[in-house]
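Here's a quick briefing for anyone meeting this structure for the first time. Have a look at the sequence and the model, then walk through the points below.

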Amino acid sequence: MARDDAEFRAARQMELSGEFRRAYLAYLSAASSLAKPAAAYFRAGLLASRLENTIGAVRAFELAVSTPGAVPNYWYYYARSLHRIEDPYRARYAYQQYAQRRTKKGGPVFHHRGGLLPFRRGVRYGAVRRPEYAHSMLHAADLARVLGEDRIRVAEFGVASGQGLLAAQDHAHVVEELTGVVVELWGFDTGEGIPESDDHRDLRHYFGPGDYAMQDRAALEARLERGQLVLGDAQETVSAWIAEGPPIGALLFDMDLYSSTLGVLNHLAAAEDRHFLPRVSLAFDDIGPKTPGFQIKDYSDVTGEAAAIRDFNQGYREVQLAPDKWFTALPDHAPWHDMCYLMHRFEHPSYRTRVRGSASDHMRLRSDAEADEDPAEDPERGSL
Ligand SMILES: C[S@@+](CC[C@H](N)C(=O)[O-])C[C@H]1O[C@@H](n2cnc3c(N)ncnc32)[C@H](O)[C@@H]1O
């Protein structure tokens, strides 16, 4: 047996016999002479966590992911240790690395499918595809559950080849498992790409007629297990859709144009409240750039989706669109946070329905120890 292997085994023996501190040091020592030290660093990280040596855990997991022998799961533990020390930027990077590596290997990411990452944590750190879609759908299902609704409708406006709709379909499965609320999914598109327009607010300097035409409808429909396509100008098809089915919980906008977006929003405002949740989660894909890439696309508040939101709000009082302020509670910022809005339907019969327990319980004078353990403060509450 090689000397370094023997050291690793000796450390394992110490761990198995409950000598955690000695084992932690022994793993670190073994790692320094192993050709593939990642597993030794990983075990040292686990023991450091157990010993509540949080900084030691971060350091050991950092070495575990960056030395030969690393496996995707080590990224999860590294991310979790960073989450614990409230280092959101590095935690986000590490969760994303974990998700990408698991996905590349075809392995499951979320732990109800054998992965490690709780979905809510994955969304929080943008470690899922289209996190703004996932956030909106989860928020809608959470609200529906509190209001006693067991089904909601979710629609994407602007499907093109279907990448976004397929991501929403994946999220729908998880959201349903997490909340028990059934998600019905729809996708609206012309099928022929961006329509004609000579309105400068439609970003004619960037989008042209026919852009993003649906290449292979049959291939997309073959992959849609729960989604249904509605083809045609969404401004003409949306009214009939609104009128049939469970409450609309989340709407995912990606039609690029001012005119298409405002046209659909106007139909939503005109429809009866009973077809919606009182606050509908919205995601706007083109509110601003997601990466610092193509600067002369020139996003602005006077064109595209942002102008549609502004003009919509000026046209109505009882229905208003507002950024989802939940994100301001987070210490870090990601561009997708700015895409998430809520449609407030103030006249909705359930708008005032209380979504939390009694206020007097929240305000009860508690001991310091109780306050420290307040489950309402636990960001993992409700995670898988
Ligand atoms: C950027 S693409 C959508 C990309 C897609 N969401 C994805 O994630 O891959 C924009 C789409 O909006 C659609 N669109 C624009 N205006 C529309 C309208 N009035 N009615 C229906 N679809 C529209 C276009 O056909 C185009 O496919």
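Two residues are in contact here if their C-beta atoms, placed from the backbone, lie within 7 Å. What you're looking at is a predicted model, where local features need pLDDT of at least 70 and side-chain atom pairs count only at pLDDT 80 or more, while totals for chains, interfaces and linings use all residues. Residues are numbered from 1 along each chain as its sequence is written.

**The chain as a whole**

- The chain has 15 helices and seven strands; these are DSSP runs numbered from the N terminus, with helices being H or I of at least four residues and strands being E of at least two.
- Its C-alpha trace spans about 75 × 55 × 35 Å along the principal axes.
- Of the 384 residues, 42% count as buried; buried takes 20 or more other C-beta atoms within 10 Å of a residue's own, exposed takes 12 or fewer, and partly exposed sits in between, with C-beta atoms placed from the backbone.
- Take the contacts between residues at least 6 apart in sequence: 67% of them join residues at least 24 apart.

**The sheet**

- Seven strands make up an open sheet with mixed pairing, in the order E3-E2-E1-E4-E5-E7-E6; two strands pair if DSSP finds at least two bridges between them.
- The edges are strand E3 (227–231) and E6, each of which pairs on one side only.
- On average, neighbouring strands of this sheet are turned by 20° against each other, direction ignored.
- Strands E5 (residues 276–284) and E7 (residues 340–345) run antiparallel and are joined by five bridges.
- Ser281 has Leu342 in E7 as its bridge partner.
- Helix H11 packs on the sheet, touching strand E1 (151–157), E2, E3 and strand E4 (248–253), and its direction makes about 155° with that of E2.

- Val319 is found in strand E6 (residues 319–323).
- Val319 counts as buried because 23 other C-beta atoms lie within 10 Å.
- Apart from its neighbours within four places in sequence, Val319 is in contact with Ala269, Met343 and Arg345.

**Two packed helices**

- Helix H3 (residues 38–50) and helix H5 (residues 72–84) have axes that come within 11 Å and cross at roughly 35°; axes are lines fitted to C-alpha atoms, for helices over the stretch in contact, and angles run from 0 to 180 degrees between N-to-C directions.
- On the H3 side the contact is made by Ala38, Phe42, Gly45 and Ser49, and on the H5 side by Tyr74, Tyr77 and Ser81.
- These contact residues divide into four nonpolar, three polar and no charged; Ala, Val, Leu, Ile, Met, Phe, Trp, Tyr, Cys and Pro count as nonpolar, Asp, Glu, Lys and Arg as charged, and the others, Gly among them, as polar.

**Around the ligand**

- The ligand has 22 residues around it, and Gly158, Gly164, Ala234, Asp254 and Ser260 come nearest; a residue is near a molecule if its C-beta atom, placed from the backbone, lies within 6 Å of it.
- Helix H9 (163–179), strand E2 (182–189) and helix H11 (234–242) each give two or more residues to this shell.
- By class, the shell has nine nonpolar, eight polar and five charged residues.

- Most residues other than glycine have a negative phi.
- Glu52, though not a glycine, has a positive phi of about 60°, and its place is in the loop between H3 and helix H4 (54–66).
- Glu52 counts as exposed because it has 8 C-beta neighbours inside 10 Å.
- Ala160, also not a glycine, has a positive phi of about 50° and lies in the loop between E1 and H9.
- Ala160 counts as buried because it has 23 C-beta neighbours inside 10 Å.
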